[in-house]
Amino acid sequence: MQKQVSLKNSLILLLTATIWGIAFVAQSVGMDYVGAFTFNSVRSLIGSVVLIPVVLVLNSRKAPGSLSPAQKKQNRKTLISGGIACGICLALASNFQQFGIKYTTVGKAGFITACYIVIVPILGLFLKKKCSPYIWAAVAMALVGLYLLCIKDGFTIGKGDILVMICALLFSFHILVIDYYSPKVDGVAMSCIQFLVCGILSGIPALLLENPQMSAILCAWQPILYAGVMSCGVAYTLQIVGQKNMNPTVASLILSLESCISVLAGWAILRQSLSRREIFGCLIMFAAIILAQLPEKSAA
């Protein structure tokens, strides 16, 4: 039973990484029309709106529970606090990433962002979440794969790199916050709240600093709609569902496949060529994911 749950969660997170990897094209195109805060605000609000009917349908199908009014009140409090905490982390991380990309190369941004695969287990040690040697080896392999995949020239640290490093740290907190709240609350409802919070937090500086125009937003409707419905409404909800009762380090490793998939999507959709170095990097990444799954399977 545990093997089936682990495999199911892994496949859900792999689907999440696939949607995010393909969404990179939408994010890049959308930034040609609107500012970073505006893009993140609109896409997040769309994601929240898309999930409202889903939450209502799922709630209508739930069997009446035997919880007391006090327990229901506590559950709502936990749900709201979890959604707000996730929304704050998501708003900070996504906006730091968006601005960081302006000042660094896409490859370096992808590599640095995916470094949360190292940050998550390190932070997890402070939360008494131990990892097996297999998982630590998988983290090291994934870093090598990401380097081969993303870094083409010499690695130097610039303004954009620092912003994306902060983004990676914030995404690590986001993963750990989800790991804490997801077993306790309705994942879809919490996702809906987190996007509402992220949209509002991104919308305030967008109104103050970017002066968003409806005409520009309409020009970018296709990438914004994809990013809002698929990347936000679908993918981030799948992340919350997939991370439930799963080791956060293993989850972060699977989610880091976003970098691999974005390269593969560029090759398949945009006809961008893959070098031997990039193919080798992808293979190492996939091997790392398989290695990270071995301890849980053997222990079941």
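A residue counts as buried when its relative accessible area is under 20%. By this cut-off Thr38 is buried, because its relative accessible area is 4%. The values reported here come from a predicted model.

The chain contains 13 helices and zero strands. Read along the sequence, the pattern is α-α-α-α-α-α-α-α-α-α-α-α-α. The chain has 300 residues, of which 50% count as buried.

Two packed helices are described by the angle between their axes and the distance between the axes. Two such pairs are reported here. Helix 2 spans residues 36-61, and helix 8 spans residues 187-210. Their axes lie 7 Å apart, and the packing angle is about 155°. An angle over 145 degrees counts as roughly antiparallel. Helix 2 and helix 8 are therefore roughly antiparallel to each other. Their crossing is left-handed. The residues of this contact comprise 18 nonpolar, ten polar and one charged.

Thr38 belongs to helix 2. Beyond four places away in sequence, Thr38 touches Ala206, Glu210, Pro212 and Ile217. One of these neighbours, Glu210, is also a polar partner: the side chains of Thr38 and Glu210 make a polar contact at 2.6 Å.

Helix 7 covers residues 159-181, and helix 11 covers residues 248-255. The two axes come within 10 Å and cross at roughly 130°. Helix 7 and helix 11 are therefore oblique to each other. The crossing of this pair is right-handed. On the helix 7 side, the contact is made by Ile175, Leu176 and Asp179. Helix 11 contributes Pro248, Ser252 and Leu255. By class, the residues of the contact divide into four nonpolar, one polar and one charged.

Helix 11 is largely enclosed by the rest of the structure, because eight of its eight residues are buried. The buried residues are Pro248, Thr249, Val250, Ala251, Ser252, Leu253, Ile254 and Leu255. Among them are Pro248, Ser252 and Leu255, the residues through which helix 11 meets helix 7.

Thr78 lies in helix 3, which runs over residues 69-102. Its relative accessibility is 16%, so Thr78 counts as buried. Leaving aside residues up to four places away in sequence, Thr78 touches Tyr181, Lys184 and Val185.

Trp136 is placed in helix 6, residues 133-150. Its relative accessible area is 33%, so Trp136 is partly exposed. With residues up to four places away in sequence not counted, Trp136 touches Pro121, Ile122, Leu125 and Cys131. Trp136 was also compared in position with Leu291. The two residues are 155 residues apart in sequence. In space, their C-alpha atoms are 9.8 Å apart.

Key
Residues are numbered from 1 along each chain as its sequence is written. This is a predicted model: local features need pLDDT of at least 70, side-chain atom pairs count only at pLDDT 80 or more; totals for chains, interfaces and linings use all residues. Side-chain values use heavy atoms; hydrogens and water are left out. Axes are lines fitted to C-alpha atoms, for helices over the stretch in contact, and angles run from 0 to 180 degrees between N-to-C directions. Helices (H or I, at least four residues) and strands (E, at least two) are DSSP runs, numbered from the N terminus. Angles under 35 degrees count as roughly parallel, over 145 as roughly antiparallel, 65 to 115 as roughly perpendicular and the rest as oblique. A crossing is left-handed if the near helix is turned anticlockwise from the far one by less than a right angle, and right-handed if clockwise. Ala, Val, Leu, Ile, Met, Phe, Trp, Tyr, Cys and Pro count as nonpolar, Asp, Glu, Lys and Arg as charged, and the others, Gly among them, as polar. Buried means under 20% relative accessible area, exposed over 50%, partly exposed in between (1.4 Å probe, protein chains only). A polar contact is a pair of N or O atoms within 3.5 Å; within protein, one must be able to donate a hydrogen and the other to accept it, and residues adjacent in sequence count only if both atoms are side-chain atoms. Contact means heavy atoms within 4.5 Å.
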